[in-house]
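Let's take a look at how aromatic rings meet inside a protein chain. A pair of aromatic rings is described by the distance of the centres and the angle of the planes.

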Amino acid sequence: MKSIKILLISFIILSCMDKKEHIIEKTDPSLESKVERFKERVLKNGDSIAYNRLRIIYGDWSYDEKYRPDLLPYSLLMAEKYNNQSAYHQVYTDIIELNNKGKYHDSLFSNVPLPQKETALHYLEKGASHGDVTCIESLIEYYHYENEIEKANSLETRLKELLPKNIYRTREERLKLDK
């Protein structure tokens, strides 16, 4: 099972490398060198601060339908090797964007091929098991889409228990906020 997982992760990483775009503006070499330093710190030490800075920088570049394919391998590494909470949902997000020309929304998950979909769901479930609210919300949407209402309702109950009353919103309220 572990070898299949490694094979899937390798496939995803190789897919990213084929679609890689150079997003860094050549006019800002200092930003490019910062990005390279952050990448190095993530690879060598699993530095969560460096990883979060990469997420912020690449997130800024994802506008105008530009995709940040460089982030997925780092997200996979941080999720798998370092159990980084924010990386679980980021893997899911990266896989959706990879298969939707840089666009992200839970509804676009249906466009993801099965092997990548299984990998994304694995990390969502792992994040949900650690109480990650964003992973739980995305799983609720997935289960509703798949008509697995009992699973969705069970997660909705868990979400309600995790969040303070003044922050918790029902699925319907969350969907209205998305519009």
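Is tyrosine 142 buried or exposed? Tyrosine 142 is buried, at 16% relative accessible area (buried means under 20%, exposed over 50% and partly exposed in between, with a 1.4 Å probe and protein chains only). Keep in mind that this is a predicted model, where local features need pLDDT of at least 70, side-chain atom pairs count only at pLDDT 80 or more, and totals for chains, interfaces and linings use all residues. Residues are numbered from 1 along each chain as its sequence is written, and side-chain values use heavy atoms, leaving out hydrogens and water.

**Ring pairs**
- There are four aromatic pairs here (rings of Phe, Tyr and Trp, the last by its six-membered ring, with centres within 6.5 Å; planes under 30 degrees apart are stacked, over 60 edge-to-face, the rest tilted).
- One of them joins tyrosine 92 and tyrosine 104, which sit edge-to-face because their centres are 6.2 Å apart and their planes at 80°.
- Another edge-to-face pair is phenylalanine 109 with tyrosine 142, at 5.7 Å centre to centre and 80° between the planes.
- Phenylalanine 109 is in the loop between H5 and H6 and tyrosine 142 in helix H7 (residues 133-145), so this pair ties together parts 33 residues apart in sequence (helices are DSSP runs of H or I, at least four residues, and strands are runs of E, at least two, numbered from the N terminus).

**Burial**
- Tyrosine 92 is buried at 1%, while tyrosine 104 is partly exposed at 32%.
- Phenylalanine 109 is buried too, at 4%.

**Cluster and charge**
- Tyr92, Tyr104, Phe109, Tyr142 and Tyr143 make up one aromatic cluster.
- Lysine 117 has its charged end over the ring of phenylalanine 109, 5.3 Å from the centre (this needs NZ of Lys or CZ of Arg within 6 Å of the ring centre and within 35 degrees of the ring normal).
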